[in-house]
Amino acid sequence: MSDTVILETPDQIQAFQMVVFKQALKALLRDMQVNRGYNSTNCRKYVSSLTGEKYPAGKKGIQAALTDLENLIKSVGA
């Protein structure tokens, strides 16, 4: 009955974080917010830390960050 998954390696933890931020960016595009920690600025900064690209404020920046994050997730196989 236990479906608990323990993330032990840094790669597993980073893959989990990328998926969580992906969902937060999708919520922001729908004018929703997962919680105060996952606001537009924090999400864009997280993706910037992975890609090295700076994303502008607003929906265009969120969409660009989401697209880059989805491509990054596909490339690492998360």
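These legends walk you through a few close-up views of a predicted model.

Residues are numbered from 1 along each chain as its sequence is written. Because this is a predicted model, local features need pLDDT of at least 70 and side-chain atom pairs count only at pLDDT 80 or more, while totals for chains, interfaces and linings use all residues, and side-chain values use heavy atoms, with hydrogens and water left out.

View 1. Along the sequence, the pattern reads α-α-α; helices (H or I, at least four residues) and strands (E, at least two) are DSSP runs, numbered from the N terminus. The C-alpha atoms fill a box of roughly 40 × 25 × 15 Å, taken along the principal axes. Of the 78 residues, 24% are buried, where buried means under 20% relative accessible area, exposed over 50%, and partly exposed in between (1.4 Å probe, protein chains only).

**View 2. Here is an aromatic cluster of F21, Y38 and Y46, linked by ring pairs.** The whole structure holds 2 aromatic pairs. The centres of the F21 and Y38 rings are 5.1 Å apart and their planes stand at 65°, so this pair is edge-to-face. F21 belongs to helix α1 and Y38 to the loop between α1 and α2 (40–51), so the pair ties together parts 17 residues apart in sequence. Y38 is partly exposed, at a relative accessible area of 22%, whereas F21 counts as buried at 14% relative accessibility. The rings of F21 and Y46 have centres 4.0 Å apart and planes at 10°, so they are stacked. Since Y46 lies in helix α2 and F21 in helix α1, this pair ties together parts 25 residues apart in sequence. Rings of Phe, Tyr and Trp (its six-membered ring) pair if their centres lie within 6.5 Å; planes under 30 degrees apart count as stacked, over 60 as edge-to-face and the rest as tilted.

**View 3. Look next at S48, a residue of helix α2.** A polar atom of the S48 side chain lies 2.7 Å from the backbone oxygen of E53. Leaving aside residues up to four places away in sequence, S48 touches E53, K54 and Y55 (contact means heavy atoms within 4.5 Å).

**View 4. On the surface, V5, L7, I13 and F16 form a nonpolar patch.** Together they have about 370 Å² of accessible area, calculated by the Shrake-Rupley method with a 1.4 Å probe, where for residues only the protein chains shown count as cover. L7 sits in the segment before α1 (10–29) and counts as partly exposed at 36% relative accessibility.

Conventions. Patches are made of residues with over 30% relative accessible area and no salt bridge: like charges are joined within 9 Å, nonpolar side chains (Val, Leu, Ile, Met, Phe, Trp, Tyr) within 5 Å. A salt bridge is a side-chain nitrogen of Lys or Arg within 4 Å of a carboxyl oxygen of Asp or Glu. A polar contact is a pair of N or O atoms within 3.5 Å; within protein, one must be able to donate a hydrogen and the other to accept it, and residues adjacent in sequence count only if both atoms are side-chain atoms.
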